[in-house]
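Subject: Structure for you to look at

Hello,

Please find the structure below. My notes on what was found in it follow.

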Amino acid sequence: MASVENVVVLKTHSVAVLGAGYAGMSAAAELAAAGINVSVFEAGKVLGGRARKVGLEGKSLDNGQHLVIGAYTELLAMMSKVGVDCKTAFLRRPMELVVKPGFRLACPALPAPLHLALGLLFAQGLSWSERFALVRTIRAAQAAKWQLPQDMTVSNWLKEQRQPDALISRFWQPLTVAALNTPLALASAQVLLNVLRDSLGGVRAASDLLLPRLDFSALYPDTAARFIEQKGGHVYRSRRIRRVAKMAQGWQLNGESEIFDAVICALPPHGLSALQVSVPDILPLQVRNWIYQPIVTVYLQYDPAVKLAKPMLGLSDSLAQWVFDRGFTHQTDGLIAVVISAEGPHQALAQDELAQAVMLELHQRLSLPMDTLWYRVITEKRATFACTPDLQRPSNQTSAAGFWLAGDYTAGLAGKGDYPATLEGAVRSGVAAAQGVLKELN
Ligand SMILES: Cc1cc2nc3c(=O)[nH]c(=O)nc-3n(C[C@H](O)[C@H](O)[C@H](O)COP(=O)(O)OP(=O)(O)OC[C@H]3O[C@@H](n4cnc5c(N)ncnc54)[C@H](O)[C@@H]3O)c2cc1C
């Protein structure tokens with residue numbers, strides 16, 4: 001009976017969500033499921049934000065190749081909640097990191113922590129002393145509950161842990177840059193340990209690699225939009241919000257007539273400064289000084305007969321970092337996506353030069369042909385915030401009742417940012433903001 005009363009009360013409430021990235025769509029879906037009238041306002045034509053479909057001359061690509069891991073429990077839970085069949089949406093494989101030349105770390109299908117112990121012990125391409133150095137460091141981190149007494153850069157932490165150079169270039173470098181999108185000299189060792197805690201240090205399935213079979217708009221936001229609309233909500237595309245005003249009856253957007261009981265602002269951190277809010281000081285000032293890191297994806301369409309030995313391979317000491325064969329996942333045989341995360345020497349190259357340089361690397365290292373049918377380079381200049389030590393991240397809650405923040409950059413309700421900029425962080429923040437709004441409205 002109490003829950004019916006709650007629903008009746010909530011149905012009279014309306015909430016605006018600004019931004020239809022993974023955070024905004026999760027906030028909106030959570031609210032819609034609770035019976036709130038939700039309206040999502042997205043500036044772009046396509047849903048998904050930094051994880052979205054890019055239609056280029058009839059080709060369906062993503063703005064960047066993404067990877068999901070089994071530890072992304074809230075993302076997977078939200079996807080199921082809105083009706084995505086996660087079994088068919090992903091190609092799921094036990095963790096296997098193959099970094100050419102010569103490194104392979106695979107976690108066998110055994111219960112935790114055996115999977116990790118055996119995986120580390122039998123890591124290929126390392127000398128025994130390098131292998132022991134890796135096992136020692138992971139075991140010590142596990143024993144310390146993945147908590148550092150004080151945060152520091154990954155470079156300094158690896159120095160402190162006396163990790164050999166070959167181990168750094170084959171394991172720590174590709175892993176850190178992929179997980180935090182931040183160079184080792186700038187990256188937070190504590191956030192890296194948080195990721196390891198939930199993946200390698202978690203249950204075996206947490207370290208699984210999930211390769212999406214769909215583009216990133218179809219994977220979740222498009223289905224979430226249908227879910228929201230079925231519950232009576234609205235998802236508006238090409239609707240940029242420039243002004244938010246606090247009125248006596250609630251919140252007004254762009255001076256339009258509709259008034260909302262609450263607003264969840266799920267814009268990217270670099271988008272906040274363009275938003276005018278009538279209540280002073282409710283947008284976090286610290287994000288204005290943040291630095292951002294790029295991610296480049298080079299799509300190379302080879303002859304459809306071209307195939308990699310595995311859906312995903314790493315390369316060390318090269319421009320290309322991770323190489324994905326979308327023939328395994330997207331039924332686009334011969335389409336290879338090469339990911340280059342974080343700042344680096346590739347930024348000095350023009351797009352055509354970069355594509356040629358990457359093609360040459362794949363030719364030399366993976367024996368792929370030197371000619372492609374076409375190629376595209378997509379650069380996201382501000383793909384993620386630089387995940388540096390002790391970054392002060394804003395809470396989802398602001399100083400104004402009824403105005404909440406969501407996004408991969410927020411710290412969560414507990415006030416401590418735990419994760420790097422990821423899809424999982426975005427979804428967690430959206431759900432946390434929605435739950436905060438529900439509590440407040442009740
Ligand atoms: C190339 C690339 C590769 C990545 N790879 C991975 C990966 O492998 N795994 C992983 O977990 N994460 C990865 N990430 C990070 C992940 O994509 C982000 O952390 C996540 O998508 C952020 O979601 P969000 O909702 O917080 O923000 P956003 O996705 O930025 O969403 C904000 C939304 O707000 C909209 N907006 C902006 N201004 C306005 C306005 N004024 N009015 C209305 N709407 C507005 C934007 O258009 C956007 O849709 C990658 C990111 C990039 C760019």
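**Overall make-up**

The protein's secondary structure comes to 13 helices and 21 strands; helices (H or I, at least four residues) and strands (E, at least two) are DSSP runs, numbered from the N terminus. The radius of gyration, taken over C-alpha atoms, is 22 Å, close to the 22 Å that the globule rule gives for 442 residues, so the protein is as compact as a globular protein of that length. The globule rule is 2.2 Å times the number of residues to the power 0.38.

This is a predicted model: local features need pLDDT of at least 70, side-chain atom pairs count only at pLDDT 80 or more, and totals for chains, interfaces and linings use all residues. Residues are numbered from 1 along each chain as its sequence is written.

The C-alpha trace spans about 70 × 50 × 45 Å along its principal axes. Of the 442 residues, 48% count as buried. A residue is buried if 20 or more other C-beta atoms lie within 10 Å of its own, exposed if 12 or fewer, and partly exposed in between, with C-beta atoms placed from the backbone.

**Domains**

The domain assignment, which is automatic or from a database, gives domain 1 (2–59 + 215–289 + 390–441), domain 2 (104–200) and domain 3 (292–385). The C-alpha centres of domain 1 and domain 2 lie 34 Å apart. Six residues of domain 1 are in contact with eight residues of domain 2; contact means that the C-beta atoms of two residues, placed from the backbone, lie within 7 Å.

**Two helices**

Helix H6 (residues 128–143) and helix H8 (residues 165–180) pack at an angle of about 60°, with their axes 10 Å apart. Axes are lines fitted to C-alpha atoms, for helices over the stretch in contact, and angles run from 0 to 180 degrees between N-to-C directions. Glu130, Ala133 and Leu134 of H6 make the contact with Ala166, Leu167 and Phe171 of H8.

**One residue**

Where is Asp408? Asp408 is in the loop between strand S21 (403–405) and helix H13 (423–441). Asp408 counts as buried because it has 28 C-beta neighbours inside 10 Å. Leaving aside neighbours within four places in sequence, the contacts of Asp408 are Ala23, Ala421, Thr422, Gly425, Ala426 and Ser429. Gln252 is 156 residues from Asp408 along the chain, and the C-alpha atoms of the two are separated by 25 Å.

Regards
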